[in-house]
Amino acid sequence: MTTMGGNRTLTWLAVGLYWGCIVFGLVLPGIVMVTHEASRLHGGWAEAWQDYQLHLFAPGFNFFLIGILNAVPFVLLAIFILIHLGTAATKEPVIVSRRLTGVAVALAVAVGFSTWAHVVTVLHPDAQGALVYFFLPIYLLGLIPLGYAVGRGAGMLFFKKPAPPPDTA
Amino acid sequence: MTRKQIFLNLGGLVVLIGLLGLFYWQSTGERAVPAMTAALEDSDSKVRIGAAQMLAEIGPAATPAVPNLLNLALHDPVLYASTTAAGALSRIDLGAARQVMTANLAALQDPDVQNRRTACAMLGSLGPVAKPAVPALNTALDDEEETIRMHAVGALGEIGIPAALVVPALTRALHDKAPQVRHRALMQFAFLIPPTDSVLPHLKELAEDKTPNIATLAKSALNSPHRQGNQTVMYATMLQMGTVNDYTLRQLAQLGPAAAGAVPAVIPILSNERPLHRYLAAEILGAIGPGAKEAIPALTAALQDEDAVVRESVTEALLAIRPTDGTDRTTTQK
């Protein structure tokens, strides 16, 4: 077995973000829909949950498919986080910090954009609204690398490599 | 983090995907029928409606749910639940759908306006399966209540066949004294029923109507996509490419003899697993008439169809294709 690093905190962070990212991608559409339905029904959480379950596979709704579609970019991001942060412990601390900044911004972009898109879609439903669920994963697949690049760039500005010790010879 | 830890987490993801696939498999298709049948008895009408929609999507595999759907269609206090159940029955069991039709045909004569209105909505929700109800709905166009005439127009549009009866009835409704009824009739020609040449003068007249929304809708009907290009070729191509759905088949059934070019694409549908599709295929061939001669062997085989409504439609189609056939055989025997 090859040991890639011994930093337990980083390992737990990578694993936590990995599973958190996957679960968030899967359940976000459901959370938004149930919350919206419950607020529309003036607090009827049980009824909203039952309504959501009923439409999981219903023709014309298929909330299950919406959850799967939304999860695709989050799963890819999760795999990237697992490998990228999971193997970071072998690197210099400054590199770890830069990676963490990149991942944080990529996550913020994915979570923020996806949440915004789902909230807007349920608040302003129209005939073409469902197209959002097909195009959102495609947009996220473009935005996540962009977010990571921005975060990594910011990390390079914030976390400088320490200057090499002066040559005493 | 070790390689093993990484692979364990990736393996966990694979397991999760597998579990989601299993959940999907368990919740769809005929495996979902028992749960959906139970949901038809739920106290919440939304649950009952959702379950009926799911069963309609499942199709003939949902046959065990037919008694419950029939009960919902005939006795549910919520009209939308009843119409959804009736629509589901027309996709699962044509015989049961015809039972709903028979029950509602009598209600068209009910002295209570609400009951007559419900009967129109129910007959419309059955779609083309309620073809025998067309003459009664045609009579309902003379009802003294505007709302009944309007709903009868809607039902005729949803049933759509036979075009030879539906189109003249809807054309008559284009001149109803109530603007709402004229508007509803125009909607049928704009969106559901291909306007034939005999309808065009009436549509042109309404395009000059003083009521703006009627004039606009009449212009839409005149420019209806159903009148653009060769509809037969388009629908036949869709069938050959595997797009066999209620809409395509219904549109072809409404084209009548003009759909003769689609016969080779329609013949295989006589052995489709869905009784509604087999029924519509027989209706298309019957509406084409003598131009569908090459379908006679397939139609003859379809006389053994397990569904009585399909067999009835096949018999009618054979008579329409070779109307003198029975007489000839009798003469030969003599």
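Modeller: A residue is called buried here if 20 or more other C-beta atoms lie within 10 Å of its own, and by that rule 45% of the 334 residues of chain B are buried. The model is a predicted one, and in it chain B comes to 20 helices and 0 strands, with C-alpha atoms that fill a box of roughly 80 × 55 × 40 Å along the principal axes.

The pair I would look at is helix α15 of chain B, residues 246–255, and helix α17 of chain B, residues 275–288, whose axes lie 8 Å apart at an angle of about 20°. Because angles under 35 degrees count as roughly parallel, α15(B) is roughly parallel to α17(B), and the crossing of the two is left-handed. On the side of α15(B), the residues that meet the partner are B:Asp246, B:Leu249, B:Arg250, B:Leu252 and B:Ala253; α17(B) answers with B:Leu276, B:His277, B:Leu280, B:Ala281, B:Glu283, B:Ile284 and B:Ala287.

For B:Leu55, leaving aside residues up to four places away in sequence, the contacts are B:Met36, B:Ala62, B:Ala65, B:Leu69, B:Ala88 and B:Ile92. Across chain B, among contacts between residues at least 6 apart in sequence, 66% join residues at least 24 apart.

Terms used
Residues numbered from 1 in each chain as written. Chains lettered and ligands numbered in written order. Predicted model: local features only at pLDDT ≥ 70, side-chain atom pairs only at ≥ 80, totals over all residues. Contact = placed C-beta atoms within 7 Å. Helix = DSSP H or I, 4+ residues; strand = E, 2+ residues; numbered from the N terminus. Buried ≥ 20, exposed ≤ 12 C-beta atoms within 10 Å, placed from the backbone. Axes fitted to C-alpha atoms, helices over the stretch in contact; angles between N-to-C directions. Parallel < 35°, antiparallel > 145°, perpendicular 65-115°, else oblique. Left-handed = near helix turned anticlockwise from the far one by under 90°.
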